Amino acid sequence: MKIVIVGAGQVGGTLAENLAREYNDITVVDINEVTLRALQDRLDIRTVIGTGSHPDVLVNAGIEEADMLVAVTSSDEINIIACQVAYSLFHTPTKIARIRARNYTNPKYKDKLFNDKHMPVDVMITPEMVVKDYIQKLIEQPGALQVLDFADGAIQLVGLRAVKDSPLVGQQLRFLKEHMPDADARVAAVFGKDGAIFPTGETVIEDGDEVFFVAAKKNIRKVMSELRRLEKPYHRLMIAGGGNIGFSLAKALEKDYNIKIIEYSTERARHLSEKLNKSVVLNGSATDQELLLDENIDKTDVFLALTNDDEVNIMASLLAKKLGARKVMTLINNPVYADLMQGGVIDIAISPQQATTSSLLSHVRQGDMVCVHSLRRGAAEALEIIVHGDEKSSKVVGRAIGDIKSPPGATLAALVRNGEVLIAHHDTVIQTGDHVIVFVVDKANTKAIEKLFAVSLSFF
């Protein structure tokens, strides 16, 4: 695909890196020459200096032949105008914009504003909301490292770290069904000390392995109990940072959780106290040891560092853990920091770029993909694909999963048929219209999955 990305910040840069790896023709537009040069030095992409909403700049970027425009600058208005220009002057097929202001994303106005008659934005992404939803799922499933929804939440993919003395640790995977006769599940991938392991019935789960499994949402806790001791549900949360992510998370959770939110800015803290109903707002620094002790950090179930400063988030998390917080989750933009911190003192390092990139990938993939989730810093992917065609035009329709030649490291883990969750086994037969959940251990094999589910021309 030929894709023009407007905005070379953290979201745009990460997206360019992900898409360039897949041999797409990428051009990035930004007003910052230094940022563009740094991107071009490490990626095989074109760059254009200029304002991305200006028609002549977009022409220089190749918008006339582009399949897609992705506008992800820090300005909502530039992003919207870039989409308008691409639609009105160049008839660009797909236009995606990053929109942050709540006035624009308000359901009361959104559908009336964003359409071809008014503001032609085909897909709207709000990174802060994507990250908020991601964190909310982690809080709702204590002990999970990653929780991803498929088929409108009917089925979930959960990543966790296996712990010794759990029922299934040290045993072969084929015993999973014996342990849980009433709850069907499928282990989609295992990442051990030596890298990815393609799971078979003989695979043995070891202490410390990172395990990804698929199950119906109602069975998730039961499956988790096979791989680690179930953690008690969280009750007390402390959030450092009252920005868009911290505020929206507190707003979403304050009915069911006891929440304290620490905000450094007096003006912002006052605003938060007016907008939140049950949350306690504290004006101060998240790295203030006395403040954390006074607010009973040792009785806190989860400390969430969500400021816009990586160093503050890391230091606040280390301090909170030292002072007795049960679990810490930390927002880290710098991928180098995230890799250093994950799994040590910091329990979960959250990458906003990875979460945002996942929300965009389904629009770039070929085939009818409902959603694509990027995992393990972009190395692996989980896909939800709608099956089309018939037994003549499709390589998968009417065939049992055991007879389908999947690419190496790809697991057809589950499917949803007419609203019913079916965990995939070797004799499960795929039908047209099924939503198939596929886990790809190595992202390089994603193209092969697209080809596997592609419909031949005889279908048309």
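The end C-alpha atoms of residues 145–229 lie 14 Å apart, and this span is 14% helix and 35% strand (DSSP runs, numbered from the N terminus; helices are H or I of at least four residues, strands E of at least two). The model is predicted: local features need pLDDT of at least 70, side-chain atom pairs count only at pLDDT 80 or more, and totals for chains, interfaces and linings use all residues. Residues are numbered from 1 along each chain as its sequence is written, and side-chain values use heavy atoms, without hydrogens or water.

An unreviewed UniProt entry lists 145–229 and 370–455 as "domain: RCK C-terminal"; such annotations may be inferred rather than shown by experiment. The loop between β7 (146–150) and β8 (155–161) holds A151. D152 is found in that loop between β7 and β8 as well. Phi is positive in both non-glycine residues, near 50° for A151 and about 55° for D152. Most residues other than glycine have a negative phi. A151 is buried at 15% relative accessibility, whereas D152 is exposed at 85% (buried, under 20% relative accessible area; exposed, over 50%; partly exposed in between; 1.4 Å probe, protein chains only).

The chain is divided into domain 1 (2–125), domain 2 (141–227), domain 3 (236–354) and domain 4 (367–453), with bounds from an automatic or database assignment. The C-alpha centres of domains 1 and 2 lie 38 Å apart.

Domain 2 and domain 3 each supply at least three of its residues. Beyond four places in sequence, the contacts of L237 include I139, L253, Y257 and L304 (heavy atoms within 4.5 Å).
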